[in-house]
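Visitor: I am new to this structure. Please take me through one part of it closely.

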Amino acid sequence: KGGDRVAGMFRKGGKSTSMNTGGRRRVATEFEDGGEMIEEYDLKTDELLLRKRRGRTVLGKDEAWEYLVGEAPRTFSPDMGILAESSVNPAWQRSQDTPQSFVWRVRNLPYPIETYQVTCDHGDQKIVIRTTNKKFYKRFDVPELKVLKLSLEDDALTYDWKNNTLIVQYKKPRDVIKAEIEEKVETQQLRLKRAPEDGDVDCKQQ
């Protein structure tokens, strides 16, 4: 079933609670092992703006949030009186996707485009970013491909550089696009179930 396929991406085995807040549809999913996932969708367009998840350690402590889509909030350093994130050091993030592509950005990279090498490592199924001057190195996977057991394809990977930002895109396979459409339908069903106002919630057991 389509619903089972969607639940198999990220919400499988969890209980989802949905509410409207601040112009966003917030879907919180809790899992039996103590893990949790937060997703936020634009109320008008149903675009996924944020997806983060975290598990629990064997001692029962919450792990750090892993941001699958969207940017982690910058932290404030009271001792320094400034944002802890440096405006000089490179900052990698999974950006808001386009309908056809996954998107990542690395800010604060002042080097020209010929400096960058962006490739697929088929051995461990990760995208690798490196610079010829050895100033930056990053390897990361695509969670959606891992969940759906899809392999990286070289032809789907592209990149560009402008305004000191490296922009990496990976064209979504047909199976991912289909699953995301089904996922949006499921999210809309949550919304239409009670059409709650701010602060109201509704639940759906996966």
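Is Ser95 buried or exposed, and what is its relative accessibility?

Guide: Ser95 counts as buried, because its relative accessibility is 5%. Buried means under 20% relative accessible area, exposed means over 50%, and partly exposed lies in between, with a 1.4 Å probe and protein chains only. Before going on, note that this is a predicted model, in which local features need pLDDT of at least 70, side-chain atom pairs count only at pLDDT 80 or more, and totals for chains, interfaces and linings use all residues. Residues are numbered from 1 along each chain as its sequence is written, and side-chain values use heavy atoms, with hydrogens and water left out.

Now the setting. Ser95 sits in the loop between β8 (91-94) and β9. Strands (E, at least two residues) and helices (H or I, at least four) are DSSP runs, numbered from the N terminus. Leaving aside residues up to four places away in sequence, Ser95 touches Val69, Gly70, Val103, Trp104 and Arg105. Touching, or contact, means heavy atoms within 4.5 Å. With Arg105 there is also a polar contact of 3.3 Å between the side chains. A polar contact is a pair of N or O atoms within 3.5 Å; within protein, one must be able to donate a hydrogen and the other to accept it, and residues adjacent in sequence count only if both atoms are side-chain atoms.

Follow Trp104 next. Trp104 belongs to the largest nonpolar core, which has 26 residues. Such a core is a set of buried Ala, Val, Leu, Ile, Met, Phe, Trp, Tyr and Cys residues joined through side-chain atoms within 4.5 Å. Trp104, Ile127, Ile129, Leu166 and Tyr170 touch the most other members. At least two core residues come from each of α1 (2-11), β9 (101-107), β10 (116-121), β11 (126-131), β14 (165-171) and α3 (174-194). Val69 leads elsewhere: another core, of five residues, lies apart, and Val69, Tyr41, Leu48 and Leu190 are among its members.

Ile129 is the bridge partner, in β11, of Val118. β10 and β11 pair in the antiparallel sense over six bridges; two strands pair if DSSP finds at least two bridges between them. They belong to an open sheet of three strands, in the order β10-β11-β12, with antiparallel pairing. β10 and β12 (137-140) stand at the edges with a single partner strand each, so one side of each has no neighbour in the sheet.
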